[in-house]
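Biologist: Please put the model up. I have some questions on how the chain is laid out.

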Amino acid sequence: MLDLSNRILRTDIAGMPLEWVTYQEAVRLYYLEQVVYACGRLMYRVRGGYSAATGRRSVVELNSIIATEGSIQASLKGRSGYTPPLDNKALFRRDDYLCLYCGDRFRNSLLSRDHVTPISRNGEDTWNNVVTACKRCNNFKAGRKPEEAGMQLLAVPFTPTHAEYVYLKGRRILADQMEFLRAHFPRTSPLRSRQPVDDMDA
Ligand SMILES: [Zn+2]
């Protein structure tokens with residue numbers, strides 16, 4: 001299951017999750033001496049160039065989580081008040097691929113973004129006003145609010161924190177990375193009970 005397409009979780013120096021990086025990006029961070037410490041399991045051993053002095057070949061060991069000297073911009077994402085960008089893939093995963101009206105689970109291509117208060121009624125295109133809906137329910141609801149259509153939301157839409165957003169953007173998440181992320185989710189986060197992800201969107 002572990003191959004070179006697995007991503008490494010990059011955190012700032014305080015351990016706040018920042019983003020997913022490829023193993024090439026992680027190697028680069030090591031050579032730039034940006035990696036302060038590593039945790040999680042050993043994922044790869046990457047061979048580098050030969051040293052002119054010793055004739056030995058350098059080896060970089062990459063763990064599943066690396067803490068790096070972060071930019072100020074990156075650390076700002078950990079602050080409250082930060083709103084991650086809204087996109088359908090992250091939205092569908094937030095709602096666990098369930099239509100929040102009929103409660104059935106669908107693949108991405110059958111899901112859509114529903115505006116709880118429709119745009120035509122001055123509803124906003126923001127995390128707190130959007131839910132995952134199957135196309136059938138979305139068509140039925142049309143330009144109405146749920147109560148006008150006799151529909152009831154199965155969960156309350158919420159804006160993810162940056163740590164939750166990192167989880168939502170992960171393509172393949174290892175168990176130790178998931179555990180690490182979970183520790184940074186808000187205590188009441190509905191994402192706490194989620195399992196590690198292995199290409200669910202594929
Ligand atoms: Zn539905």
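**Hairpin and overall layout**

Modeller: β1 and β2 form a hairpin, with five residues between the two strands. This is a predicted model, in which local features need pLDDT of at least 70, side-chain atom pairs count only at pLDDT 80 or more, and totals for chains, interfaces and linings use all residues. Residues are numbered from 1 along each chain as its sequence is written.

Biologist: Which residue in the turn has a positive phi?

Modeller: The turn belongs to the hairpin of β1 and β2. Its phi is about 85° at Gly15.

Biologist: In what sense do β1 and β2 pair?

Modeller: Strands are DSSP runs of E with at least two residues, helices are runs of H or I with at least four, and both are numbered from the N terminus. Two strands pair if DSSP finds at least two bridges between them. β1 covers residues 8–11 and β2 residues 17–21, with four bridges, and the sense is antiparallel.

Biologist: Which residue in β2 stands opposite Thr11?

Modeller: Thr11 lies in β1, which spans residues 8–11. Its counterpart in β2 is Pro17.

Biologist: How many helices and strands are there in the protein?

Modeller: Along the sequence the pattern reads β-β-α-β-β-α-α-β-β-α-α-α. The counts are six helices and six strands.

Biologist: How far apart do the C-alpha centres of domain 1 and domain 2 lie?

Modeller: The domain bounds come from an automatic or database domain assignment. Domain 1 is 8–80 + 168–193 and domain 2 is 88–149. The distance between their C-alpha centres is 34 Å.
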